[in-house]
Amino acid sequence: MKKIEFIQQYADLEKQSRSELLELFETNPLPKKELIDHMALFVHRQMMSRILFLNDLYQQILDVNGVIMEFGVRWGTNLCIYESLRGIYEPYNYTRKIIGFDTFEGFPSVSSKDGNDAIIKEGAYAVTQDYDKYLSELLFTRQKLSPLNHINKYELVKGDATKTLKQYLEQHPETIISLAYFDFDIYEPTKVCLELVLERVTKGSIIAFDELNYPAFPGETLALMEVMGLKNYRLRRSKFATVPSYIIFE
């Protein structure tokens, strides 16, 4: 009982600290025109970990041809990090397109293989209305801060990715994938899209998963087991992230 109480107290303390950080952000006295240059004041450890992890992945695909695809975009944080990394490492590589797939309406459906955690329900992780339009405008504006900004280097594909990914690949038969990041959390879209992605990777390409070996989302691990098997590949993890893991095709 004491151990459970300690864990709960720790969780409550962290939650309170995050609330305090949010309040400090909302009440910050910085001049508005300077705020965007000092956002690191409010980047907490978990977010910095995410940035370092994606940077780790990106550095490993620099000599691999192909686009970056993310499956499960939600607010688009990862897409914006990829966009910044491209601007840092390869600002003139206009073929390194960043493509995000999402319903922007939450889980379209769930199956028995997705477990029974409270979050496993249709519509979970939905975003605000028309958020995809806002995110597209944000990515377009960010793109203008890098060279060759007259060439569009991102795309948001709205809808059920079990259908839209196949359509996208039919419309863009030239597509090679250097990095595929799976953050669907659930079984069916992960399995269907993973099967399609495997047809478009090359040696050096990376397939990454956000919730493997995670109790709340068993469907992601089951999809990997059925499509690729656990014994056939080395499953790697980064020193910067606890849960996400990835496979490099060698």
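Against which elements do the buried residues of helix 6 pack? In this predicted model, they pack against strand 1, strand 2 (98–102), strand 3 and helix 7 (187–197). Helix 6 spans residues 161–171. Its buried residues are Ala161, Thr162, Thr164, Leu165, Tyr168 and Leu169.

Threonine 162 was examined in detail. This residue lies in helix 6. Its relative accessible area is 17%, so threonine 162 counts as buried. The cut-off for buried is under 20%. The side chain of threonine 162 makes a polar contact with the side chain of aspartate 160, at 2.7 Å. Beyond its neighbours within four places in sequence, threonine 162 touches Glu188, Pro189, Val192 and Cys193.

Helix 7 has its own set of buried residues. These are Tyr187, Pro189, Thr190, Cys193, Leu194, Leu196 and Val197. Their cover includes strand 1 and helix 6. It also includes strand 4 (177–182), strand 5 (201–209) and helix 8 (218–227).

Strand 3 was followed through one of its residues, valine 157. Valine 157 has a relative accessible area of 12% and is therefore buried. Leaving aside neighbours within four places in sequence, its contacts are Ile99, Gly100, Phe101, Asp102, Thr164 and Tyr168. Thr164 and Tyr168 are buried residues of helix 6. Valine 157 was also compared in position with serine 245. These two residues stand 88 residues apart along the chain. Their C-alpha atoms are separated by 24 Å.

Cysteines were considered next. The count of disulfides is zero. Cysteine 193 has 0% relative accessibility, so this residue counts as buried. Cysteine 80 is buried as well, because its relative accessible area is 10%.

Rolling a probe the size of a water molecule over the atoms shows where empty space is left. Two cavities of 30 Å³ or more were counted. The largest cavity holds about 40 Å³ of space. Its lining consists of Glu83, Arg86, Gly87, Pro91, Gln143, Ser146 and Lys153. Helix 4 (residues 77–89) gives the largest share of this lining, with three residues. By class, one lining residue is nonpolar, three are polar and three are charged.

The second largest cavity also has about 40 Å³ of space. Its lining is made of Leu224, Gly229, Leu230, Tyr233, Arg234, Leu235 and Ile247. Five of these residues are nonpolar, one is polar and one is charged.

Backbone angles were inspected at two loop residues. Arginine 74 has a phi near 50 degrees, a positive value in a residue other than glycine. This arginine sits in the loop between strand 1 (67–71) and helix 4. With 30% relative accessibility, arginine 74 counts as partly exposed. Leucine 148 is not a glycine either, yet its phi is positive, at about 55 degrees. Leucine 148 is found in the loop between helix 5 (131–143) and strand 3 (154–158). Its relative accessible area is 26%, so leucine 148 is partly exposed.

One residue of helix 2 (residues 32–35) was also described. Lysine 32 belongs to this helix. Is lysine 32 buried or exposed? Its relative accessible area is 79%, so lysine 32 is exposed. The cut-off for exposed is over 50%. Lysine 32 and lysine 133 are 101 residues apart along the chain. Their C-alpha atoms are separated by 24 Å.

Notes:
Residues are numbered from 1 along each chain as its sequence is written. This is a predicted model: local features need pLDDT of at least 70, side-chain atom pairs count only at pLDDT 80 or more; totals for chains, interfaces and linings use all residues. Side-chain values use heavy atoms; hydrogens and water are left out. On a 1 Å grid over the protein atoms alone, a cavity is a set of points where a 1.4 Å probe fits but cannot get out, and a pocket is an open set with protein on both sides within 12 Å along at least five of seven lines; lining residues have an atom within 4 Å of a point. Grid points are joined across faces, edges and corners, and a volume is the space filled by probe spheres set on the points. Helices (H or I, at least four residues) and strands (E, at least two) are DSSP runs, numbered from the N terminus. Ala, Val, Leu, Ile, Met, Phe, Trp, Tyr, Cys and Pro count as nonpolar, Asp, Glu, Lys and Arg as charged, and the others, Gly among them, as polar. Buried means under 20% relative accessible area, exposed over 50%, partly exposed in between (1.4 Å probe, protein chains only). A disulfide is a pair of cysteine sulfur atoms within 2.5 Å. A polar contact is a pair of N or O atoms within 3.5 Å; within protein, one must be able to donate a hydrogen and the other to accept it, and residues adjacent in sequence count only if both atoms are side-chain atoms. Contact means heavy atoms within 4.5 Å.
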